[in-house]
Amino acid sequence: MKKGNGNWFEMSKSDFWSMVLILLLCLLPFALVKSQSAFLGISHFGWIMGLLMFLTPVISLAGIVFEKREN
């Protein structure tokens, strides 16, 4: 890691874009799901949150693999 200004460290591009993507995916269900509709007894909000609980670590691991390939 490169030392930045003061006590902060520079963030790599892959870490930055992973963080932005994960934050957007966290906000997505709250912005899109306004109804109380359900599928197989589970609300659409629940399905989206479950999908994101799976996708978030996958995105993080993909970012790590991509960064290792760059170096």
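Author: Before we start, helices (H or I, at least four residues) and strands (E, at least two) are DSSP runs, numbered from the N terminus. This is a predicted model, where local features need pLDDT of at least 70, side-chain atom pairs count only at pLDDT 80 or more, and totals for chains, interfaces and linings use all residues. Residues are numbered from 1 along each chain as its sequence is written, and side-chain values use heavy atoms, leaving out hydrogens and water.

Reader: Thanks! How many helices and strands does the chain have?

Author: The chain has 2 helices and 2 strands. Along the sequence they follow the pattern α-β-β-α.

Reader: At what angle do the axes of helix 1 and helix 2 cross?

Author: Roughly 175 degrees, and the axes of helix 1 (residues 13–32) and helix 2 (residues 44–70) come within 10 Å. Axes here are lines fitted to C-alpha atoms, for helices over the stretch in contact, with angles from 0 to 180 degrees between N-to-C directions.

Reader: Are they roughly parallel or antiparallel, then?

Author: Helix 1 and helix 2 are roughly antiparallel to each other. Angles under 35 degrees count as roughly parallel, over 145 as roughly antiparallel, 65 to 115 as roughly perpendicular and the rest as oblique.

Reader: Nice. Which residues make the contact?

Author: Contact means heavy atoms within 4.5 Å. Helix 1 contributes residues including Leu 21, Ile 22, Leu 25 and Phe 30, and helix 2 brings, among them, Phe 45, Ile 48, Leu 52 and Phe 66.

Reader: What about buried residues in helix 1?

Author: Those are Ser 14, Ser 18, Ile 22, Leu 25 and Pro 29. Buried means under 20% relative accessible area, exposed over 50%, and partly exposed in between (1.4 Å probe, protein chains only). Helix 2 is part of what covers them.

Reader: And which ones are buried in helix 2?

Author: Leu 52, Ile 59 and Gly 63. Their cover includes helix 1.

Reader: Switching topic: is Phe 45 buried or partly exposed?

Author: Phe 45 counts as partly exposed because its relative accessibility is 29%. Phe 45 is found in helix 2, and its C-alpha atom is separated by 8.7 Å from that of Leu 32, 13 residues apart along the chain.

Reader: Last one! What span should helix 2 have?

Author: At 1.5 Å a residue, its 27 residues should span 39 Å, and the end C-alpha atoms are 38 Å apart, which agrees. The expected span is 1.5 Å times one less than the number of residues.
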